[in-house]
Amino acid sequence: MSKSQVNIGFLIPLTNNLKEDDSASKLPISEGANVFGRNDICISDKRLSRKHITLNASIDGSVDVVVEGSNPIVINSGDQRRKLYSRDKIRIADGDILELIPGHYTFKYVRSTVDKHIASSQAHKRVSYKGKGVDEAKKLVVKRQRQVSEDEALARILQMNELPPANSNEGLEAIRHFSVPKEKFHLSFRLLQVQGLPPWANSSSISIGDVIQGDVLVAVLSNYMVDIDWLLSACPVLSKIPHVLVIHGEGDGGVDHMKRKKPPNWSLHKPSLPISFGTHHSKAMFLVYPRGVRIVIHTANLIYVDWNNKSQGLWMQDFPWKDQKDVKKGCSFETDLIDYLSVLKWHELSVNLPSIGNVTINPSFFKKFDYRSAVVRLIASVPGYHMGPNLKKWGHMKLRTVLQECIFDKEFKNSPLVYQFSSLGSLDEKWMSELALSMSSGLSDDKMPLGLGKPLIVWPTVEDVRCSLEGYAAGSAIPSPQKNVEKEFLKKYWARWKASHTGRCRAMPHIKTFTRYNGQNLAWFLLTSANLSKAAWGALQKNNSQLMIRSYELGVLFLPSVSKDHYCGFSCTDNGDTIKDLHKSSETNTQGHRTKLVTLRWQGNQSSNSSSEVIQLPVPYELPPQPYSPEDVPWSWDRRYYKKDVYGQVWPR
């Protein structure tokens, strides 16, 4: 701790009952930088770093707290409770309480009783320059005090804007207040549960057991990596489902293991990869029930760490069987789904379904369900050289085509873009401009183009990975080499992974999202398996007449929409004749509702405009993203890191 003649205040140790602990020593705070850690409070708990926090104290009594350690701290100010992570900063006031580890090692900041007199004296000395009279010096003291007061008021305003009251949707723990009724789940998506987080951070989050449940007759599981041993232990019902088809992207070793371990009711299929360096990367589930089909689009491999340790996202919706009179009726969701499934070319399954009879499980089978209540669009990628009418069916050209048909509010003109993902391909400026053109498509309500948006890339830093729940091990699921990450032109795109409001700062992202936003309002939002690469999104060739894609990807695009069926809650697993309710609602609700997409930190009054339904999406990271500081280094997995992580490991191990 730095020495100074001016004592600003003390950190007073408190008991569990928040009473002053007379058995422990006060920690004095002097003007300037004060560093505190486990040695200063004489404990051996290694969750506390030797340099855990820095308190930058000013002569006016204000103190800025900077988190230096890898573990978070908590600041309690009045009825507000805020968790800060490594390198976060906040100003504290007299009486604020600090938890150096949440729930442990609690201190109260108490301003010194004599500091006001000393501060005034010191300030007077500092402004009594040679040649200035006493009256002029006093004026300068008064001016400086007024500036300090104004600065403190501004800081309080900024802090209030940054941290509204605990019952606000924009609070630090905003996900605590996120709740989606079952009948409206298809309008939003969910984050997956993460082990090791406090209960509030897993509010409204789901596990694989919440998804695969009930009387499933046929399951089609699409993924890249599949750990059968874990999957069967996490979801035992899969061993009892009569027919399970696994569409995967595993290599020969993984395939051999799956063949040995799979139950007899399972079939395996790996789609062809006609272009080198491609993968089957789509992550989806198609679960057939006696009452309908459940479609799930998500971002997690079927492995333990993806469903327990990462920030992940999942969307699902149940759809009923079509009435006989509607068999030939379709919609854009159905067309996109059947187009995508048809490319996979799996071996058809002949099954006998109760009350349905003998059916063949092929892409055409999925035309038997009524998708008219879908409010998302499917954005898929499939390998190939796509031209002519297929040019706009896949990849970023599909996204461009869908967005071009949409009308957005004027506030999104030239508004920024966010690309967030977990693997970075070998990119160049030309392709980044090509992608931005697709991401920026759409018209405003005055029929003018929205215009190009400036993108930022949300990507974990080395420190984020080092201090994560898994330590450096998390970096193995962020598999981007140094040669891709450290290209000079990318520096202007980098932004921090900050996820305090969802409690996921330390849960490294495997989720992939792309969005256009203004404040906490979203023009559109895409949850997808696609990383930022030409292989996933495609690259235009031959004077923009051909799109080359290497990999299979699948995502759902949330758009502001007008739908008559928003309030129709059909479920494959609930009892009751909700199919009739669905059709009744379709007939009676003729006006429809326009949806407005917002983040969890949005602050507004939904009831102020009854014609618009506000849909909150649990975007896990903060908007607007915070650009990298000069000290931030983007993670790349093939570099050596000698600074030990939270488990005392270096990288590579």
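Where is the place of N544? N544 sits in the loop between β29 (539–541) and β30 (546–549), strands and helices here being DSSP runs numbered from the N terminus (E of at least two residues for strands, H or I of at least four for helices). The model is predicted, so local features need pLDDT of at least 70 and side-chain atom pairs count only at pLDDT 80 or more, whereas totals for chains, interfaces and linings use all residues. Residues are numbered from 1 along each chain as its sequence is written, and side-chain values use heavy atoms, without hydrogens and water.

N544 is not a glycine, yet its phi is positive, at about 65°. Its relative accessibility of 47% makes N544 partly exposed (buried is under 20% relative accessible area, exposed over 50%, partly exposed in between, with a 1.4 Å probe and protein chains only). K447, also not a glycine, has a positive phi of about 70°. K447 belongs to the loop between β24 (443–444) and β25 (455–458) and is exposed, with a relative accessible area of 57%.

An open sheet of 7 strands with mixed pairing runs in the order β11-β17-β16-β15-β12-β13-β14; two strands pair if DSSP finds at least two bridges between them. The edges are β11 (190–191) and β14 (266–269), and each has a single partner strand, so one side of each lacks a neighbour in the sheet. Within the sheet, β16 (residues 292–298) and β17 (residues 313–320) are antiparallel and share 7 bridges. H298 stands opposite L314 in β17.

Two cis peptide bonds remain to be described. One runs from L623 to P624, with omega near -5°, and P624 lies in the segment after β34 (612–616). Another joins W651 and P652, with omega about -5°; P652 is placed in the segment after β34.
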